[in-house]
Amino acid sequence: DDALYFMFTFNRNGEAADFDTSLIPGGYGIYRIPYETLPAKNTQVRPQQNVDIKALSMVYPLDKSIQVFQFTTTEDKSKLILVYQDTETPDSCTEMAIIDAKTFETLQTIVLEGIEKPDGSTEVMVPYTLHVYEDFMAAYCSGDYLAIMSLMYNGLYHLDYIINIHENPVFDYYIDSRGITVMDMKDGQIAITGLKTKSYGDRYYNESCGFYIAVFDKDGLVYYSEHDSSLDRGQYPYHNSTVQPLSYYESEKPLAIVW
């Protein structure tokens, strides 16, 4: 509520890039810029926020060799979540650092080991999207895998399981978008719902107003259904404009699931 945290990486278009950080106070790492929110006046739609750029500080040192995949917070914003891989170690594991947002102490490091494939190679877990909820989080990795981590009573996470969500060909959706994919978890099972996609010609597709529901456990898919909407019957009001639900570009998510 009182600071911005940001970082940049030394990996550009898949290749290492050498940037000079010698003039940055504290060196390379996660940076913090404090700000204050002033009470809104009657004539203001939104309260004014003053950002103190001169108070920039480096709060969590990082090695330049790491490649950052995700950087976000827990839902209550009490912890920072940094997902990365050491680029100097071939076939290295993906690591998730859980960092206290006040003390910047590393509370926990979760290791996502690679999945051995039938040909003997290893599928490295590259998190495309990190879905963070109040009592669990799920990392969508490498297009096929979902790593489920539940929040324990001590405030740390437990890696429950990693599953191949496309092992059962019935489920062929990608779940990389936080805005159109939502989840809930109960008794070791995770329920996922997302917008269906509908093709319009050969060149593009849109999210439709229909949705799917999928339930996974540690052994894979245990339930799947699709649900259509009458809003998908046509294009309105113009021939190239379709009826679409709110997406992640809007303030409200179009779907919710509660188990």
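## Strands side by side

How many bridges join strand 1 to strand 4? There are 4 of them, and the two strands run antiparallel. In this report, strands (E, at least two residues) and helices (H or I, at least four) are DSSP runs numbered from the N terminus, and two strands pair if DSSP finds at least two bridges between them. Within this pair, Tyr5 sits opposite Arg32 of strand 4.

Strand 4 has other partners too. It pairs with strand 6 (residues 57-61) in the antiparallel sense, over 4 bridges, and there Tyr31 faces Met58 of strand 6. Another 3 bridges link strand 4 to strand 5 (residues 49-51), again antiparallel, with Glu36 standing opposite Asn50.

What you're looking at is a predicted model, so local features need a pLDDT of at least 70 and side-chain atom pairs count only at pLDDT 80 or more, while totals for chains, interfaces and linings use all residues. Residues are numbered from 1 along each chain as its sequence is written, and side-chain values use heavy atoms, with hydrogens and water left out.

As for pLDDT itself, that's the predictor's confidence in each residue, from 0 to 100. The protein averages 85, and 85% of the residues score at least 70. Confidence is lowest in strand 2 (residues 11-12), with a mean of 62, and highest in strand 20 (residues 220-227), at 96. Where pLDDT is low, the predicted coordinates should not be read in detail.

## The overall picture

The secondary structure comes to 0 helices and 20 strands. Of the protein's 259 residues, 41% count as buried; buried means under 20% relative accessible area, exposed means over 50%, and partly exposed is in between (1.4 Å probe, protein chains only). A contact here means heavy atoms within 4.5 Å. Among contacts with a separation of 6 or more, 45% are between residues 24 or more positions apart.

Ile66 is found in strand 7 and is buried, at a relative accessible area of 9%. Setting aside neighbours within four places in sequence, Ile66 is in contact with Tyr84, Gln85, Asp86 and Thr87. The C-alpha atoms of Ile66 and Thr89 are 9.5 Å apart, though the two residues are separated by 23 residues along the chain.

Thr181 belongs to strand 17 (residues 181-186), and it's buried as well, with a relative accessible area of 3%. Beyond its neighbours within four places in sequence, Thr181 has contacts that include His131, Tyr133, Tyr174 and Tyr212.

## Two loop residues with positive phi

Most residues other than glycine have a negative phi. Lys77, though not a glycine, has a positive phi of about 65 degrees. Lys77 lies in the loop between strand 7 and strand 8 (79-86) and counts as exposed, at 55% relative accessibility.

Asp187 also has a positive phi, near 50 degrees. Its place is the loop between strand 17 and strand 18 (189-200), and at 72% relative accessibility Asp187 counts as exposed.

## The largest pocket

The largest pocket is lined by 17 residues, and Asp1, Ala3, Tyr5, Lys77 and Ala101 lie nearest its centre. Strand 1 (3-6), strand 4 (29-37) and strand 7 (66-73) each supply at least two residues of that lining.

Note on methods. 1 Å grid on protein atoms, 1.4 Å probe; cavity = no way out; pocket = protein on both sides within 12 Å on 5 of 7 lines; lining within 4 Å.
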